[in-house]
Amino acid sequence: MKLYWCPQTRSFRGLWLMEEAGRPYERVLVDIRKGDQDKPEFRAVNPLGKVPALADGEAKLAESAALCAYVAERCPEANLAPPVGDPKRARYLHWLFFAAGCIEPAYMQKMTNLNVPGGKSTAGWGSFDLVMDVLEKAVQPGPWVLGERFSAADVMIGSDLHFGIGLLKIVPPRPAIMDYVARCSERPAFKRAQAIEAEAAKAAAHA
Ligand SMILES: N[C@@H](CCC(=O)N[C@@H](CS)C(=O)NCC(=O)O)C(=O)O
């Protein structure tokens with residue numbers, strides 16, 4: 001599999017995911033700060049021109065949550081998703097879609113002070129505060145959003161909370177959220193993904 005990524009972007013999700021999956025994969029740097037995302041060869045993988053994206057032979061896809069679902073299915077030995085028929089799969093899908101459909105817009109709303117006409121019942125994610133309340137409950141008692149079982153849904157939720165606290169500084173540092181993010185950051189795959197990013201940043205600084 002080929003992961004298209006760029007350091008310090010949402011493609012950290014893809015990097016962490018591939019490290020959790022544990023299969024050999026190739027990383028293709030798409031430097032969005034230099035305009036690589038507009039090159040036709042990348043647009044053929046993701047017409048929207050955003051990272052992360054994935055190619056697996058003829059299969060090509062983008063959207064982080066879709067990558068999570070795809071890789072979890074493709075690498076069953078990594079145990080990243082409850083199998084079809086397992087009741088836990090319902091919540092697994094719930095959190096994958098929640099990350100893409102509710103956390104993303106809630107963050108945008110917070111960062112732009114967007115006032116949605118009609119408020120909480122009109123916005124599909126409710127509100128930023130509501131999303132935070134829901135997440136706070138979802139990550140406790142933990143250790144993962146499905147309880148004892150880590151899954152690709154934690155890659156989405158964990159990355160979003162990690163960036164929301166660190167880079168964006170918009171997520172309230174509530175104890176349950178901080179503890180969950182700390183647990184995510186302690187995973188060897190998360191640390192490897194961070195090391196890959198740090199290495200790439202160093203190489204870019206010397207280029
Ligand atoms: N919906 C996408 C969002 C990905 C995304 O927004 N990526 C940004 C970097 S954080 C990007 O590639 N921006 C480049 C551009 O739009 O030109 C996902 O969840 O994967």
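## Aromatic pairs

The count of aromatic pairs comes to 10, where rings of Phe, Tyr and Trp (its six-membered ring) pair if their centres lie within 6.5 Å. Planes under 30 degrees apart count as stacked, over 60 as edge-to-face and the rest as tilted. Trp 16 and Phe 190 form an edge-to-face pair, because their ring centres are 4.9 Å apart and their planes stand at 85°. Trp 16 belongs to helix α1 (residues 12–21) and Phe 190 to helix α8 (residues 188–206), so this pair ties together parts 174 residues apart in sequence. Helices here are DSSP runs (H or I, at least four residues), numbered from the N terminus.

## Basis of the model

This is a predicted model, in which local features need pLDDT of at least 70 and side-chain atom pairs count only at pLDDT 80 or more, while totals for chains, interfaces and linings use all residues. Residues are numbered from 1 along each chain as its sequence is written, and side-chain values use heavy atoms, with hydrogens and water left out.

## Ligand site

Polar contacts are pairs of N or O atoms within 3.5 Å. A polar side-chain atom of Lys 50 is 2.7 Å from a ligand oxygen atom, a side-chain N or O atom of Gln 37 is 2.8 Å from a ligand oxygen atom, and for a polar side-chain atom of Arg 10 the distance to a ligand oxygen atom is 3.0 Å. Of the 520 Å² of accessible area that the ligand has on its own, the protein covers 78% (Shrake-Rupley method, 1.4 Å probe).

## Backbone in the loops

Most residues other than glycine have a negative phi, and most peptide bonds are trans. The peptide bond from Gln 140 to Pro 141 is cis, with omega near 5°, and the bond from Gly 142 to Pro 143 is also cis, with omega near 0°. Pro 141 is in the loop between α5 (128–138) and α6 (152–165), and Pro 143 lies in the loop between α5 and α6.

Asn 113 has a positive phi, near 60°. Its place is in the loop between α4 (88–112) and α5.

Terms used. A polar contact is a pair of N or O atoms within 3.5 Å; within protein, one must be able to donate a hydrogen and the other to accept it, and residues adjacent in sequence count only if both atoms are side-chain atoms. Helices (H or I, at least four residues) and strands (E, at least two) are DSSP runs, numbered from the N terminus.
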